[in-house]
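Dear colleague,

Please find the structure below, together with a short account of what was found in it.

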Amino acid sequence: MSEHRPTELTSYPAHSLNSAESALLEMWQGLENYHRDLVLVGGLAVHYHTKDKTQPRYRGTCTLDIDLGISLATDGGMSGSVDWDLGMLGYRPDENRRMVKRGEFGNLYIDFLTEHRPANLPGTRNVSDVTATVCPGIDRALACRKLVPITGLNRHEEEQVFHIPLCGIGPLLVLKLNAFGQRNEQDRMKDAYDILVAVSSYSEGAQAAIDGFLAEASEDNSGFAFAQQVLREHFSEDTSAGPRAACNFYFGAGGGNEEERALLRQDLVSIALSLLGD
C-alpha cells in the first residue's frame with residue numbers, strides 16, 4: 001500500500017480492501033487491551049457501512065490504510081502501550097510518525113486520530129506512545145460505536161468472527177466533511193467520493209444516513225459546525241469543489257460522458273442540500 005492517495009478510483013489496486021481488512025484483524029488481535037478506546041473511521045468504515053447495498057448506483061469505495069479514532073485517555077494505568085503492541089506486530093513509525101509495516105503488496109499504514117478538548121488546536125498528540133492527529137468529532141465517533149462482525153483468520157490461522165467497533169454514520173459523515181475541508185485539492189478527491197457513497201449506498205438507506213448526520217446538530221459534536229460550513233461552501237452547487245472532485249475521482253479527468261458526469265455532480269449536490277436540511 002502506498003502512502004500517496006490515488007486520485008482516481010481505478011488507480012486503487014484490486015487487493016487494497018482485502019489487504020486493509022487483513023491488517024485490521026491482525027491489529028485488532030494485537031491491541032486486545034485497548035478495544036474500548038478505539039473505533040474504526042475513514043474509508044474502511046465507509047466500506048463496512050455500504051458493502052451490503054444491492055445494486056448501488058456507484059462503485060464501492062476503496063482504501064489503502066486503516067484510520068482509527070483513539071481516546072486521549074488511552075492507557076489509564078495499564079502497563080505497556082499501543083506503540084509497543086503494534087511493534088510486536090512489526091509496525092514502526094515512519095518519518096511522519098505514521099505507523100507502517102511492510103506487507104505482501106507494499107506498505108500497510110495505521111493512522112490514529114484523537115480529540116483534545118476544549119481547544120482542539122490543530123496538530124498531534126502523543127497517545128499511548130503513538131502519534132495521533134487532533135480531529136474534532138472523534139469523541140462522538142467513540143461514543144457512537146457499532147460492533148460489526150467480520151470473519152477472518154486469527155493468529156492460529158483458524159477462521160473466527162471478530163466484532164470491530166465501527167463509527168456511526170452521522171459522526172462518520174462529520175469526520176469526512178472535516179477531512180475534505182482541511183485537505184488540499186488532490187488529497188480530498190476521495191473524501192468527496194466517500195461522502196457520495198456513504199449516503200447513497202448506506203445499508204439502512206440514504207434517508208437514514210441523512211437523519212444520522214442531522215441528529216449530530218443536537219449532540220456535543222465539535223466537528224459539526226465546520227462540517228456544515230464545508231457543505232455550504234464546497235458542495236451546494238454542481239460547479240462546487242466537492243461535486244467536481246467526486247466526479248473526477250470516479251470517472252477520471254476525462255472519463256464518462258457529460259450526462260453521466262452531470263448526474264453524479266447533481267446527486268452529490270442533492271445529498272449536500274439534504275444534509276443541510278434544505
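Which residue follows α9, and what is its phi? G252 follows α9, and its phi is positive, near 85 degrees. Helices here are DSSP runs of H or I of at least four residues, numbered from the N terminus.

This is a predicted model, in which local features need pLDDT of at least 70 and side-chain atom pairs 80 or more, while totals for chains, interfaces and linings use all residues. Residues are numbered from 1 along each chain, and side-chain values use heavy atoms, without hydrogens and water.

Among the buried residues are P243, F249 and Y250. Their cover includes α5 (169-182), α6 (189-200), α8 (224-234) and α10 (258-275).

C247, in α9, is buried as well, at 1% relative accessible area. Its sulfur is too far from any other for a bond, because the closest cysteine sulfur, in C62, is 17 Å away. With a disulfide taken as two cysteine sulfur atoms within 2.5 Å, the count is zero. C167 is likewise in no disulfide, the nearest cysteine sulfur being that of C144 at 7.4 Å.

The axes of α5 and α6 (lines fitted to C-alpha atoms over the stretch in contact, angles from 0 to 180 degrees between N-to-C directions) come within 9 Å and cross at roughly 160 degrees. The two helices are therefore roughly antiparallel (over 145 degrees).

Yours sincerely

Methods
Buried < 20%, exposed > 50% of the residue type's maximum accessible area, 1.4 Å probe, protein only. Contact = heavy atoms within 4.5 Å. Parallel < 35°, antiparallel > 145°, perpendicular 65-115°, else oblique.
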